[in-house]
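Hello,

Here is the structure we talked about. Please open it next to this email and follow along.

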Amino acid sequence: MDPTKPTDPATSANQPSPAIPPTRTFQELVDEAEAAPTDGWDFSWFAGRATEERPSWGYARAMGERLAQATAALDIQTGGGEVLASARKLPNLVVATEGWPPNIVKATALLHPRGAVVVASPEDAPLPFGDEAFDLVVSRHPVTPHWTEIARVLRPGGTYFAQHVGPGSAFEVIEYFLGPQPEAGRDARHPDGERAGAEAAGLEIVDLRAERLRMEFHDIGAVVHFLRKVVWMVPGFTVERYRSQLLSLHERIAAEGPFVAHSSRHLFEARRPEEA
């Protein structure tokens, strides 16, 4: 979950929202969450039901500033295209990649009117572009940054600017359903490891910042929708499979208040050096 302001494209965690009426039953909340669509990265469904603090650096705004100065840009794993579409000005050449078919359809409908082309490309495949094709590559929450490919498609002097999911993100949710996880899983996506990967690919680190941010789930429907949308958190999640844990958590939220977790984010800016 990543609720942000409408311009970023979702709901601000800082705006007060009415609480879900306590008369809603467990089954009503679950049924509503199961019926909600999960395509794209629009998190406005969570308004009034869940919040997440936003990183202090304001990724969408900063990305938009860099796009306005670029000549050719690539957005990797664009999701439904919502973040890229939030930029006020796009370069003359803009391409976005996405691997999940429902998101490809949504991103195409959203980005084509802005002059951006959406290319269907699996997240683990080489980028389908020639060497030195872009002076700016951006990405918001890539599953895995493929540093050699990013360095290859960047022009000398070009920039990679992204917001990554960091280590141990939302582990309170994961471990509630799956139990204690190996320490190696907690350290995955550590910014130090990603720094090393970027540098090994020949990129220079310009900026690297990390923050841990509070998440609150105010009703069990928000938890269900989150796990249906962010499918890698609890692989194979279904309501029937985890019904007893969901019911127990529903009762806990009703008695004690929101279920609190913490997301992990880092801002990553790297540059391909100019050729000598």
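In what order do the 8 strands of the open sheet lie? Keep in mind that this is a predicted model. The order is S1-S7-S8-S6-S5-S2-S3-S4, and the pairing is mixed. Look at the edges next. Strand S1 (50–52) and strand S4 (117–120) stand there, and each has a single partner strand, so one side of each has no neighbour in the sheet. From one strand to the next, the twist averages 15°.

Now find S7 and S8. Strand S7 covers residues 204–217, and strand S8 covers residues 259–271. They run antiparallel, joined by 13 bridges. Take Ala210 as an example: its bridge partner in S8 is His266. Helix H6 (residues 171–178) packs on the sheet and touches both S7 and S8. The direction of H6 makes about 130° with that of S8.

Then move to helix H9, residues 220–229. Why is H9 described as largely enclosed by the rest of the structure? The reason is burial: 9 of its 10 residues are buried, so the rest of the structure largely encloses it. Among the buried ones are Ile220, Val223, Phe226 and Leu227. His225 and Lys229 are buried too.

What do the buried residues of H9 pack against? Their partners are helix H1 (26–35), S1, H6, S7 and helix H10 (243–256). Both S1 and S7 belong to the sheet described above.

Gly221 is itself one of the buried residues of H9.

Best wishes

Terms used. Residues are numbered from 1 along each chain as its sequence is written. This is a predicted model: local features need pLDDT of at least 70, side-chain atom pairs count only at pLDDT 80 or more; totals for chains, interfaces and linings use all residues. Side-chain values use heavy atoms; hydrogens and water are left out. Two strands pair if DSSP finds at least two bridges between them. Helices (H or I, at least four residues) and strands (E, at least two) are DSSP runs, numbered from the N terminus. Axes are lines fitted to C-alpha atoms, for helices over the stretch in contact, and angles run from 0 to 180 degrees between N-to-C directions. Contact means heavy atoms within 4.5 Å. Buried means under 20% relative accessible area, exposed over 50%, partly exposed in between (1.4 Å probe, protein chains only).
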